[in-house]
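Biologist: I would like to learn how to read the contact between two chains. Where do we begin?

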Amino acid sequence: MSTADERMHWRPGAPSPPLELRDVLVMLGVERRPEGEQRRAVDDALRDGALGASSVAALHSADWIETKRRDDSPSPSVGWRLRWSAVLVAGLIVCITAIWMDNASAPLRASATAVLVFILARAGPLMFPFALTRETERAARRR
Amino acid sequence: MNPLRGEEAAARLRDDPGIAEMTDVERGAVAELASNRFWIVQNVLWGTDEAASYGRVEHDYAGRVVAGVDGALSRLRGPGEEAVVYHAGPAPPEDGVMRGYVFGTLDSEAAAAVSRAEERWEIYVPRGQPLLLLSEVVAADNLTPFEVLIPRGNRFILMSMPSLDSSGRLRLEAA
C-alpha cells in the first residue's frame with residue numbers, strides 16, 4: 001500500500017512499518033545537520049533512554065549503535081595473566097624468604113619449599129607466556 | 001441541501017486565504033503528517049499500546065507535529081458551504097470518536113480505488129468547518145487525488161457507511 005492509502009486506512013492497532021535511520025534523525029531534528037552532530041544527538045538520546053524500541057532497532061540496522069570496545073584496557077587473557085603473575089611472584093618471594101630465614105623452623109622451611117616447587121611446576125607457564133609459546137613451537141618442530 | 005463535491009469543493013479549498021498565512025513551521029508539520037512517519041503521530045493521539053512503547057523523542061516529535069498542524073488548520077476559513085469528503089477504512093470506534101486526524105478525499109472515484117465498498121465512508125463536513133486540501137501545502141506526488149485533512153476537534157456526520165446498520169447514519173466527532 002502507498003503511504004496515501006495507509007493514511008486513509010490507518011486504525012489503532014494497525015501494524016507499523018519499521019523505522020529507518022532518517023526517521024530517527026528527523027524526530028531528533030538533526031536530519032540536515034553534519035553527521036558528527038547527528039551522532040552526538042543519537043548518543044545523547046540513547047544515553048538518556050529517550051528512544052523507543054523502533055527507533056533503537058532502526059539505529060541497529062544502520063550500524064549506528066556499536067558494541068562497546070575495551071580499547072582502554074588489556075584483553076581479558078593478558079590482564080588475567082598479569083594479575084596471576086603478580087600473585088605468583090609475591091608467593092615466590094614469600095617462600096624464598098621463608099626458606100632462607102635464619103631462624104626459620106624445619107617444618108616452615110619444608111612447607112615453603114613444597115609450595116615453591118608447586119608454584120614453579122604448575123604455574124610457571126602462566127608467569128612466562130611467551131616462553132611457553134616458544135617452547136611449544138620448539139617441541140612441535142622437534143616432532 | 002447541496003453540498004460541495006469533487007472539483008467544485010477543491011476549487012473553494014484552494015482559494016482559502018488561510019493557506020497563504022501558514023508559517024513554514026506549520027507547513028513543515030503538515031508535510032510530516034503526510035509523510036511515512038504519520039503513524040507515530042496517530043498512535044500518540046489515539047493512545048495505543050504501541051505509543052506506550054515510545055520514548056520521549058517520539059512523543060516530543062508527535063507533539064511538535066500536532067502543534068504545527070493544528071496551527072495551520074486554525075488559519076483556514078473553510079469552503080463556506082457543506083462539503084462531502086470520502087474516506088476509506090474500517091468502521092469508527094463504538095464511541096464514535098476519531099481521536100486522530102482523519103484523511104479523506106473529495107474524489108469519490110479515488111476513494112473507490114483504494115477501498116472496498118463496505119469500507120467507503122461519505123462524510124458531510126458542516127458549513128464553517130475548515131478542510132485542508134493537502135496538495136496546497138505538500139508535494140502532490142505522495143497524495144491521493146484531492147486528498148484532504150479533517151481537523152481535530154470537529155464534528156461531522158457520517159452519511160454513508162454500508163457496513164453499519166440500515167440507516168447508515170452515524171454522528172462522529174473528530175476529537
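Modeller: Begin with who takes part. This is a predicted model, and its contact draws 25 residues from chain A and 40 residues from chain B.

Biologist: How much area do chain A and chain B bury between them?

Modeller: Interface size is often quoted as the accessible area lost when the parts come together. Here chain A and chain B bury about 2700 Å² between them, with 61% of that on carbon and sulfur atoms.

Biologist: How many salt bridges does the rule find across the interface?

Modeller: A salt bridge needs a side-chain nitrogen of Lys or Arg within 4 Å of a carboxyl oxygen of Asp or Glu. The rule finds two across the interface of chain A and chain B. In one salt bridge, the side chains of B:R37 and A:D23 meet at 2.6 Å, N to O.

Biologist: Which elements give two or more residues to the side of chain A that touches chain B?

Modeller: In chain A they are α1 (3-9), α2 (21-28), α3 (35-48) and α4 (53-61). The largest share, seven residues, comes from α1(A). By class, this side of chain A has 13 nonpolar, five polar and seven charged residues.

Biologist: And what is chain B itself like?

Modeller: Chain B has seven helices and eight strands. Of its 175 residues, 54% are buried. Taking contacts in chain B between residues at least 6 apart in sequence, 73% join residues at least 24 apart. The accessible surface of chain B is about 7500 Å², and 47% of it belongs to carbon and sulfur atoms.

How values were computed: Residues numbered from 1 in each chain as written. Chains lettered and ligands numbered in written order. Predicted model: local features only at pLDDT ≥ 70, side-chain atom pairs only at ≥ 80, totals over all residues. Heavy atoms only, no water. Helix = DSSP H or I, 4+ residues; strand = E, 2+ residues; numbered from the N terminus. Buried < 20%, exposed > 50% of the residue type's maximum accessible area, 1.4 Å probe, protein only. Contact = heavy atoms within 4.5 Å. Areas by Shrake-Rupley, 256 points an atom, 1.4 Å probe, with all protein chains shown as cover. Buried area = accessible area lost by both parts, 1.4 Å probe. Nonpolar A, V, L, I, M, F, W, Y, C, P; charged D, E, K, R; others polar.
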